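Visitor: Please present the model, and let us then discuss its ligand site.

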Amino acid sequence: MVGGGVRDLLAGLEPKDFDIATSAHPEQIRKLFRSCRLVGRRFLIAHVRFGDEIAEVTTFRGPITDSHERDETGRILSDNVYGTLEADAFRRDFTINALYYDIRDFSIVDFAGGVEDMRLRRLRLIGDPELRYREDPVRMLRAVRIANKLKFDIDHASAEPITRLASLLREIPPARLFDELLKIFLSRDASANLDGLRRYGLFSHLLPLTDEALESDPGAAALVHRALLNTAERITRGAPVTPAFLFAALLWPAYAKRVEQISREQGHAPAIAQVQAAEEVIAHQQLRIAIPKRFSMPMREIWGLQPRFVNRSGGRAKRLLTHPRFRAAYDFLLLRAQSGEPGTVELADWWTQAQVGGDPGSLPLPPEAVANETAEPGNTGPRKKRRRRGGRNRRKSGAEAADIAPGAGDADGDFDDGADS
Ligand code: ATP
Ligand code: MG
């Protein structure tokens with residue numbers, strides 16, 4: 001056994017999963033275990049299932065040689081040379097990730113000084129840090145995440161090159177970065193991870209629009225941190241967390257700002273501005289992080305439903321209460337209120353009441369709730385025009401409008417209809 005499982009046990013934490021290293025080749029592993037599946041592109045990994053658990057089994061990797069294919073930045077592209085246990089240890093990223101628990105005699109096998117670093121509570125790369133980050137820039141993200149998880153310090157020599165090399169993250173395929181981001185943010189340490197990524201200049205290469213918003217807008221920082229704290233709290237009590245909600249929060253400040261800009265500069269009706277802003281923000285984000293459509297669609301719905309919380313007259317409130325995405329959208333409204341977004345606290349209270357109070361028609365409506373069609377900040381177009389659109393084409397506002405939007409410019413593929421019907 002190797003990697004996070006051994007490390008976390010030694011640190012007194014409960015391991016998330018178990019990684020196994022072996023001299024057996026993938027085909028041999030497959031013959032031994034009926035429940036084995038071979039996965040992975042850069043190198044083959046055997047997933048062996050035991051009940052609900054999956055053990056990741058990897059064959060000892062051999063030393064890096066000239067035969068390893070690299071790109072011009074030094075990144076290793078293919079990696080299927082097998083080696084000995086000792087060679088495998090030096091291919092791992094941090095010393096504390098290269099500790100092997102040998103079940104033959106219950107000993108810890110340590111080639112890289114990981115036991116000492118555990119004792120010193122220090123995260124240290126094996127080998128020359130710059131070279132190791134160049135081989136695989138994702139190690140910079142792992143450094144921040146694992147240090148926060150264990151509350152260890154990153155060793156000075158391992159920390160020093162990160163800011164300088166941060167832009168190498170641009171070479172990493174967006175799908176791999178998506179997986180890494182989930183580990184970073186669907187975590188109890190989400191908030192500390194965000195701070196760490198920003199401190200080392202890594203974050204701007206992952207979520208540039210969010211980074212910009214955090215730099216310039218205290219409201220954005222409040223919302224994002226609140227979202228990450230809520231996520232951590234849910235994980236602690238075992239409640240489900242969804243990437244759609246997380247990304248909705250991370251990208252909301254950029255989205256809201258863009259809605260406001262488009263309405264102001266191009267004079268579009270709110271519903272049109274919302275669809276266009278969502279497309280632009282998502283397309284921009286997809287260049288870095290590949291957010292699968294099964295998450296980006298509900299994310300747009302969460303955004304698209306926000307304006308519909310404002311107008312509560314007639315049967316609208318009742319219809320919204322039965323919307324399949326109501327719960328997530330309401331939670332998002334609460335998040336906006338908790339983070340102090342102007343005008344949302346009264347709204348959130350009203351919807352909380354509406355859910356416990358039965359008939360929303362019996363709740364008092366403040367006068368502006370009937371007049372405003374949208375809660376987007378800065379939607380200041382002429383009131384008459386908005387009201388007319390709202391009346392004539394009510395069912396095409398917000399997320400519903402997304403369903404009829406032209407597919408052009410939509411980075412995450414064509415629209416499914418029915419997502420909001
Ligand atoms: P956790 O499972 O808590 O996220 P982990 O360290 O176990 O942390 P995994 O992705 O499961 O992370 O990787 C298992 C082991 O594989 C690591 O402990 C490390 O030894 C090795 N490893 C993972 N990613 C890399 C990498 N990018 N470069 C070198 N070795 C790596
Ligand atoms: Mg692991």
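Guide: Asparagine 97 has a backbone N or O atom at 3.0 Å from an oxygen atom of ligand 1. This is a predicted model, where local features need pLDDT of at least 70, side-chain atom pairs count only at pLDDT 80 or more, and totals for chains, interfaces and linings use all residues. Residues are numbered from 1 along each chain as written, chains are lettered from A and ligands numbered from 1 in the order written, and side-chain values use heavy atoms, without hydrogens and water.

Visitor: How much of the area of ligand 1 does the protein bury?

Guide: Accessible areas come from the Shrake-Rupley method with a 1.4 Å probe. Taken alone, ligand 1 exposes 590 Å². Of that area, the protein buries 87%.

Visitor: Which side chain has an N or O atom 2.9 Å from an oxygen atom of ligand 1?

Guide: A polar contact is a pair of N or O atoms within 3.5 Å. For glycine 4, a backbone N or O atom lies 2.9 Å from a ligand 1 oxygen. The side chain with an N or O atom at 2.9 Å belongs to arginine 145.

Visitor: How many charged residues are in the shell around ligand 1?

Guide: Asp, Glu, Lys and Arg count as charged; Ala, Val, Leu, Ile, Met, Phe, Trp, Tyr, Cys and Pro as nonpolar; the others, Gly among them, as polar. The shell has no nonpolar and three polar residues. Its charged residues number 14.

Note on methods. Polar contact = N/O pair within 3.5 Å; in protein donor to acceptor, adjacent residues only side chain to side chain.
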